Amino acid sequence: MKHTLQQVFRSGKFVVGFSIFVTLLLIVFLYPLIIKDDPLAIIAQGTFFPPGIYVNTFDSINSPTTYTLMLDNAAAKRIANKLSDDDRLAMKEWLVMAGISETEIDIIDTVKLLELWGKNYDPNKSFPGMTFAKQRYYQRLDNSLRGLLLTEGVTVATQNPQTGALEQTGTVKQSDYVNVSEVANVRALPLGTDNFGRDVLTELVKATGVSLEIGLIAGLIATLVGLTLGLLSGYIGGTVDDIIMFVTNLFTVIPGFVLLILISFSIGQDKRGPFTVAVVIGFTSWVWTTRAVRSQVLSLRNRDHVNLSKLSGHSIVHIILTDILPYIASYVVMALILQIASGILAEAQLSILGLGPRTTDVPTLGLMMRWAMIYQAQILGKWWAYFPVLITIALITFSMNLMNTGLDQVFNPALRD
């Protein structure tokens with residue numbers, strides 16, 4: 001056993017994959033100890049705040065809603081930074097469709113452009129040829145423009161430890177310079193916010209943990225079901241083998257993902273929690289494991305040590321557990337690694353289609369992709385809403401495939417260099 005472990009950790013591919021996976025696990029477990037915010041808590045208003053530093057006045061005594069103020073140096077610069085050239089051209093396009101003469105529209109004069117927009121824009125108005133996605137784009141643009149010209153100060157408040165009431169500690173004007181060290185509730189958002197105003201980094205770390213749990217549960221279920229059926233089919237043979245292989249072939253003919261979609265849809269949104277989705281994925285992903293284990297067992301059941309165990313009068317369960325299972329244990333571990341990765345990818349696919357876990361409980365990597373897709377982050381160029389999710393999924397699957405390849409080289413001498 002010790003010699004085998006030494007061989008495993010001498011495999012470069014396994015070590016690299018294992019290191020990446022452990023690093024991700026450490027981030028998932030240690031980050032919540034530093035940042036204790038609920039990943040689904042709204043910390044900002046607006047659409048897709050870019051990465052940067054923000055004053056979070058979630059505890060503002062002026063309003064029950066959240067409000068976020070960018071730390072920039074002057075109102076003019078603030079407006080110029082928030083209103084891009086693409087936004088100006090889009091505003092002009094809508095105003096022209098609304099009947100405003102192009103000569104009246106000056107996209108360089110920000111104040112006049114915003115005044116003209118505020119007087120004429122109607123979020124419910126649609127023009128011939130305008131798609132629903134385009135109408136939603138204008139609505140999101142209008143939401144991001146609201147309050148752009150306001151200069152009222154934002155109240156920074158803290159909670160009184162004795163009474164529990166919020167008390168004003170200061171006011172920050174939108175045109176003021178701000179000393180970050182003097183503001184108690186300043187937040188650095190390395191990955192910005194999503195369309196709901198939630199910290200993408202906090203959400204991503206929590207989503208990674210939930211997706212890993214889903215993958216682990218789904219992988220364990222699929223591996224256990226596949227291992228049990230494969231052992232029984234390969235060793236007992238006869239009628240048992242025929243029945244198991246008939247069911248396996250039946251599931252092989254029916255595409256697994258289609259079956260997964262149908263089952264998830266039939267469960268209903270309210271009942272689809274992470275554990276339920278993991279169980280569904282697990283019970284629809286055991287087929288290839290069963291066939292692979294069966295083929296391994298067929299090559300082992302007539303070996304001398306198995307025949308000797310039969311002659312000794314040992315039971316079928318004893319023979320399977322002591323004389324066959326240890327010889328395919330390494331293969332089972334590799335199958336489990338692949339099943340975990342497949343479970344994570346399956347959850348992401350389901351969530352993108354709207355069939356993943358319900359959105360009111362916890363985030364998953366798939367749900368983050370769906371939220372970004374619904375609010376067209378990829379079209380609007382808000383890369384921080386979806387690109388970190390893609391990188392995280394790629395790192396998880398890449399690390400697991402490296403571990404699987406490394407183990408395969410250790411336990412399969414024909415693949416060694």
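Visitor: Of the contacts with a separation of 6 or more, what share comes from residues 24 or more positions apart?
Guide: Those account for 70% in this chain, where contact means heavy atoms within 4.5 Å. Before you dig in: this is a predicted model, where local features need pLDDT of at least 70 and side-chain atom pairs count only at pLDDT 80 or more, while totals for chains, interfaces and linings use all residues. Residues are numbered from 1 along each chain as its sequence is written, and side-chain values use heavy atoms, with hydrogens and water left out.

Visitor: Fine. How many helices and strands?
Guide: The chain has 17 helices and five strands. These are DSSP runs numbered from the N terminus: helices are H or I with at least four residues, strands are E with at least two.

Visitor: And how much of the chain is buried?
Guide: Buried residues are 42% of the 417. Buried is under 20% relative accessible area, exposed is over 50%, and partly exposed is in between, with a 1.4 Å probe and protein chains only.

Visitor: How many aromatic pairs are there?
Guide: Six. A pair means ring centres within 6.5 Å for Phe, Tyr and Trp (its six-membered ring); planes under 30 degrees apart are stacked, over 60 edge-to-face, the rest tilted. One of the six is Trp94 with Trp117, with centres 5.7 Å apart and planes at 65°, so that pair is edge-to-face.

Visitor: Which parts does that pair tie together?
Guide: Trp94 sits in helix 4 (residues 85–97) and Trp117 in helix 5 (residues 110–120), so the pair links parts 23 residues apart in sequence. Trp117 also meets Tyr121: centres 4.5 Å apart, planes at 10°, so stacked.

Visitor: Is Trp94 buried or exposed?
Guide: Buried, because its relative accessibility is 1%. Trp117 is buried too, at 2%, and Tyr121 counts as buried at 11%.

Visitor: Switching topic: what lies over the face of Trp371?
Guide: Arg198, at 4.4 Å from the ring centre. The criterion is NZ of Lys or CZ of Arg within 6 Å of the ring centre and within 35 degrees of the ring normal.

Visitor: Last one: where is Ile254?
Guide: In the loop between helix 8 (238–253) and helix 9 (256–267). Ile254 is partly exposed, because its relative accessibility is 38%.
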